[in-house]
Amino acid sequence: MAVSVFDLFSIGIGPSSSHTVGPMRAALMFVSGIDLPRVARVRCELFGSLGATGHGHGSDKAVLLGLEGERPEDVDTASVPARVEAIRSSGRISLLGAHEIPFSFDDDLVLHRRKSLPLHPNGMTFAAYDASGAELAARTYYSVGGGFVKDESSADGPVISADTTPVAYPFRTAAELLAHCESSGLSVAGVMLANELSWRTEAEVRSGLLAIWAVMRDCVERGCAAEGVLPGGLRVPRRAKALHEKLLSEDGAHDPLYVMDWVSLFALAVNEENAAGGRVVTAPTNGAAGIIPAVLHYYAKFIPGASDDGVVDFLLTAAAVGVVLKETASISGAEVGCQGEVGSAAAMAAAGLTAVRGGSVAQVENAAEIALEHHLGLTCDPVGGLVQIPCIERNAVGSTKAIHASRMALQGDGTHVVHLDKVIKTMRETGADMHTKYKETARGGLALNVIEC
């Protein structure tokens with residue numbers, strides 16, 4: 001299957017790509033394919049990680065919005081609480097905004113905390129019934145990370161609507177990607193751009209990526225302006241605004257790590273917005289949405305000669321690494337733990353930064369390998385099922401690790417013993433060995449040991 005840069009970087013809504021964006025898309029897919037006039041009832045069931053942490057991740061709200069016809073990329077985030085409360089209080093929902101039926105939160109939206117579907121931890125089922133109670137349609141979907149949704153539509157198991165568009169340089173592994181670079185003389189970004197031209201013009205790719213960058217900048221700006229506590233019951237205070245004001249009041253002349261405080265700020269701002277259900281760029285997931293924007297802001301603010309061309313090359317390079325990660329392992333915390341989210345984002349960011357700082361293809365691959373290798377085994381254990389603790393700080397730490405990985409790679413000549421494909425294979429195997437309670441269930445690790453107040 002061909003994967004586009006715009007699959008890996010998509011505009012959505014917080015707090016989770018797999019638990020919020022994916023369920024919203026699945027609900028919309030389901031209701032868009034049924035005979036609305038005949039429908040008198042819909043029933044939605046969420047399983048596995050979706051069921052275990054769905055309330056904290058906003059999965060229930062996302063399903064309702066999807067049923068009403070909303071898309072993650074353009075839903076009005078400010079209207080969500082009032083809309084959900086209106087459905088709850090009225091006991092009615094408007095399918096695709098056009099067909100109103102009764103809806104019960106207790107009976108028609110069920111989150112199974114201890115039951116799972118067989119093929120992926122993020123499973124969900126939807127069923128529609130007529131006025132006599134006869135089933136009109138039933139579908140099973142899996143939210144597999146980054147907002148991607150698989151549809152169990154045949155006896156052969158789940159299939160995703162495969163994009164079979166031929167691309168100039170097809171690749172699944174880092175070795176295949178590097179081979180294309182060597183044979184063509186193109187950079188990693190050049191190979192990715194050549195593939196993107198199968199769908200859109202170069203001008204459209206550029207404008208689309210700069211639009212993604214604009215959303216990232218807006219997200220940081222909003223995060224730096226907001227204050228108070230994050231929703232969900234943990235009473236986690238927003239810190240970005242105070243840190244921003246502090247950094248603006250300092251010149252950093254006597255602090256060698258002053259720049260790294262800015263990097264942490266950028267990541268905190270994005271992930272506080274994500275935790276609050278705001279507009280973010282899935283990069284490649286929402287749980288790790290702060291890392292690539294933070295490192296891109298570092299490039300734009302602190303690297304001499306930074307330009308829009310550099311931003312485009314950064315994102316294309318990062319996306320190429322993301323393709324390999326998604327195709328040969330996973331970017332889903334519910335499947336392989338946080339190594340697949342924060343680890344993947346750090347690898348992508350390290351690769352992008354190395355490219356725009358003049359690194360060779362070998363150095364780009366080395367930077368991604370270093371960043372991912374030192375996230376291996378990272379669990380996903382969100383306290384209270386919320387994308388707040390440890391997720392927000394983890395993005396700040398992951399951002400600085402990505403920068404360090406890039407600097408280490410640039411100080412070498414690209415020669416290294418452990419190659420990216422081997423680290424990705426290790427991540428996949430580690431995720432398979434990892435106990436389920438450490439994979440976005442809120443039943444292990446910090447989620448178990450931190451007392452909720």
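Glu440 counts as buried, at 3% relative accessibility, because that value is under the 20% cut-off. Its phi is near 60°, a positive value in a residue other than glycine. The model is predicted.

**The loop between H18 and H19**
- Glu440 sits in the loop between helix H18 (420-433) and helix H19 (446-449).
- Ala442 also lies in the loop between H18 and H19.
- Ala442 is another non-glycine residue with a positive phi, near 60°.

**Cis peptide bonds**
- Ala283 and Pro284 are joined by a cis peptide bond, with omega near -5°.
- Pro284 belongs to the loop that runs between strand S10 (279-282) and helix H12 (291-302).
- The bond from Ile389 to Pro390 is cis, and its omega is about 5°.
- Pro390 is found in the loop between H16 and helix H17 (391-411).

**Helix H8**
- Helix H8 spans residues 188-196 and is mostly covered.
- Nine of its nine residues are buried.
- These buried residues are Val188, Ala189, Gly190, Val191, Met192, Leu193, Ala194, Asn195 and Glu196.
- The partners of the buried H8 residues are helix H1 (5-8), helix H7 (174-184), helix H9 (202-225), helix H13 (308-328) and helix H16 (361-373).

**H9 against H13**
- Two packed helices are described by the angle between their axes and the distance between the axes.
- For H9 and H13, the angle is about 90° and the axes are 10 Å apart.
- H9 is therefore roughly perpendicular to H13.
- By class, the contact of H9 with H13 has nine nonpolar, no polar and three charged residues.
- On the H9 side, the contact residues are Val205, Arg206, Leu209, Leu210, Trp213 and Met216.
- They meet Asp308, Asp309, Val311, Val312, Leu315 and Leu316 of H13.

**UniProt annotation**
- An unreviewed UniProt entry carries the annotation "domain: Serine dehydratase-like alpha subunit" for residues 184-447.
- In the model, the span 184-447 is 62% helix and 2% strand.
- The end C-alpha atoms of residues 184-447 lie 48 Å apart.

Technical notes. Residues are numbered from 1 along each chain as its sequence is written. This is a predicted model: local features need pLDDT of at least 70, side-chain atom pairs count only at pLDDT 80 or more; totals for chains, interfaces and linings use all residues. Side-chain values use heavy atoms; hydrogens and water are left out. Buried means under 20% relative accessible area, exposed over 50%, partly exposed in between (1.4 Å probe, protein chains only). Helices (H or I, at least four residues) and strands (E, at least two) are DSSP runs, numbered from the N terminus. Contact means heavy atoms within 4.5 Å. UniProt positions are given in the numbering used here, feature names are shortened, and annotations may be inferred rather than shown by experiment. Axes are lines fitted to C-alpha atoms, for helices over the stretch in contact, and angles run from 0 to 180 degrees between N-to-C directions. Angles under 35 degrees count as roughly parallel, over 145 as roughly antiparallel, 65 to 115 as roughly perpendicular and the rest as oblique. Ala, Val, Leu, Ile, Met, Phe, Trp, Tyr, Cys and Pro count as nonpolar, Asp, Glu, Lys and Arg as charged, and the others, Gly among them, as polar.
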